[in-house]
Amino acid sequence: MKKEFLESLGLEVEAIDKIMAEHDKTMRAEQAKTTAKEAELKTAKETISGLQETIKKFDGVDVERLQKAARDWEKKYKEDLAAEKAKAEDARREYALKEAMSKTGALDPDYLIYKAGGLKTFNFDKEGKPIGLEDALKSYKEDKMTAHLFKKETPPYDPQGSGTGGAVNPFAKETFNMTEQGKILKQDPRQARAMAAAAGVKI
């Protein structure tokens, strides 16, 4: 729309300016829409071109086979991850079990675990700590074939040699035994001193 055309209609200058301003605003809006559409068409064209190039790369490729391979790899990854988690959990439980066994006097926890049939034969709580261990090891402690796998409890010393806990005093002159002295000193220094004092020996 031209300004001269409006002037020829006898319109006032103020009215003509308003009409021209509104017309210019409308034209700019339409131009913006056109520009946006052109940008959309350009993007679509580029996308289509990119897809065509991608399709060309897979030309002759068995897509279904690739999808199956991807699924297989995903399955293997999940299985491997689960296996590694299980290994880590077993290692944590085995460490806790061996530590608990040692506290009960077991000298060879590895062999006892093997003898029992492996880690799966023992019970654990939710935190991975062994439970019911005393009952599980009781038969091995009592069996003559496996009793040597546990520390022997030293009976309490009875200076008079009476009572159920009577034991030979290795510090006494009649039963002097340095090897036994060393064992008792290592296991219970307080008991060793008491036995030595009873035998009249200073240590």
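**Whole chain**

Start with everything shown. The model is predicted. Colour by secondary structure: the protein chain has 7 helices and 2 strands. Reading from the N terminus, the order is α-α-α-α-β-β-α-α-α. The accessible area of the protein chain is about 16500 Å², and carbon and sulfur atoms hold 55% of that. Of the 203 residues in the protein chain, 17% are buried.

**Stop 1**

Select Leu-11. Leu-11 sits in the loop between helix H1 (3-8) and helix H2 (13-57). Leu-11 counts as partly exposed because its relative accessibility is 35%. With Leu-11 they make a nonpolar surface patch, and together the three have about 240 Å² of accessible area.

**Stop 2: along H3**

Select residues 63-103, helix H3. H3 has 41 residues. From first C-alpha to last, H3 reaches 60 Å, close to the 60 Å expected at 1.5 Å a residue.

Show the side chains of Ala-96, Leu-97 and Met-101. These H3 residues are buried. What do the buried residues of H3 pack against? The partners are H4, strand S1 (123-124), S2 and H5.

Next, pick Glu-84 and Lys-87. They form a salt bridge, with the closest N and O atoms 3.7 Å apart. The two are 3 residues apart in helix H3, so about one helical turn separates them. An α-helix has 3.6 residues a turn, so residues three or four places apart point the same way. Lys-87 is exposed, at 53% relative accessibility. Glu-84 is partly exposed, at 47%.

Move on to Glu-89, Arg-92 and Arg-93. A network of salt bridges links these residues. The structure holds 11 salt bridges.

**Stop 3**

Select Asp-110, which is found in helix H4. Which residues does Asp-110 touch, not counting those up to four places away in sequence? The answer is Glu-94 and Lys-98.

Keep Lys-98 in view. The side chains of Lys-98 and Asp-110 meet in a salt bridge, at 2.5 Å from N to O. Asp-110 lies in helix H4 and Lys-98 in helix H3, so this pair ties together parts that are 12 residues apart in sequence. Both ends are partly exposed: Asp-110 has 43% relative accessibility, and Lys-98 has 24%.

Leu-97 is one of the buried residues of H3.

**Stop 4**

Select residues 133-142, helix H5. Show Leu-133, Leu-137 and Tyr-140, the buried residues of H5. Why do they lie on the same side of H5? They cover an arc of only 45 degrees around the axis, which puts them there. Look down the helix axis to view this arc.

Now find Asp-135 and Glu-142. They are exposed, on the other side of H5.

Go back to the buried residues. They pack against helix H3 (63-103), helix H4 (109-116) and strand S2 (130-131). The packing also shows up from H3, whose buried residues list H5 among their partners.

Lys-141 is partly exposed, at 32% relative accessibility. Glu-134 is also partly exposed, with a relative accessible area of 47%.

**Stop 5: a glutamine in H6**

Finish with Gln-181. Gln-181 is found in helix H6 (residues 178-187). Is Gln-181 buried or exposed? Gln-181 counts as buried because its relative accessibility is 11%. Show what surrounds this side chain. Leaving aside neighbours within four places in sequence, Gln-181 is in contact with Pro-170, Phe-171 and Phe-176.

Note on methods
Residues are numbered from 1 along each chain as its sequence is written. This is a predicted model: local features need pLDDT of at least 70, side-chain atom pairs count only at pLDDT 80 or more; totals for chains, interfaces and linings use all residues. Side-chain values use heavy atoms; hydrogens and water are left out. Patches are made of residues with over 30% relative accessible area and no salt bridge: like charges are joined within 9 Å, nonpolar side chains (Val, Leu, Ile, Met, Phe, Trp, Tyr) within 5 Å. Accessible areas come from the Shrake-Rupley method with a 1.4 Å probe; for residues, only the protein chains shown count as cover. A salt bridge is a side-chain nitrogen of Lys or Arg within 4 Å of a carboxyl oxygen of Asp or Glu. Helices (H or I, at least four residues) and strands (E, at least two) are DSSP runs, numbered from the N terminus. Buried means under 20% relative accessible area, exposed over 50%, partly exposed in between (1.4 Å probe, protein chains only). The arc is that of the directions from the helix axis to the C-beta atoms. Contact means heavy atoms within 4.5 Å. The expected span of a helix is 1.5 Å times one less than its number of residues.
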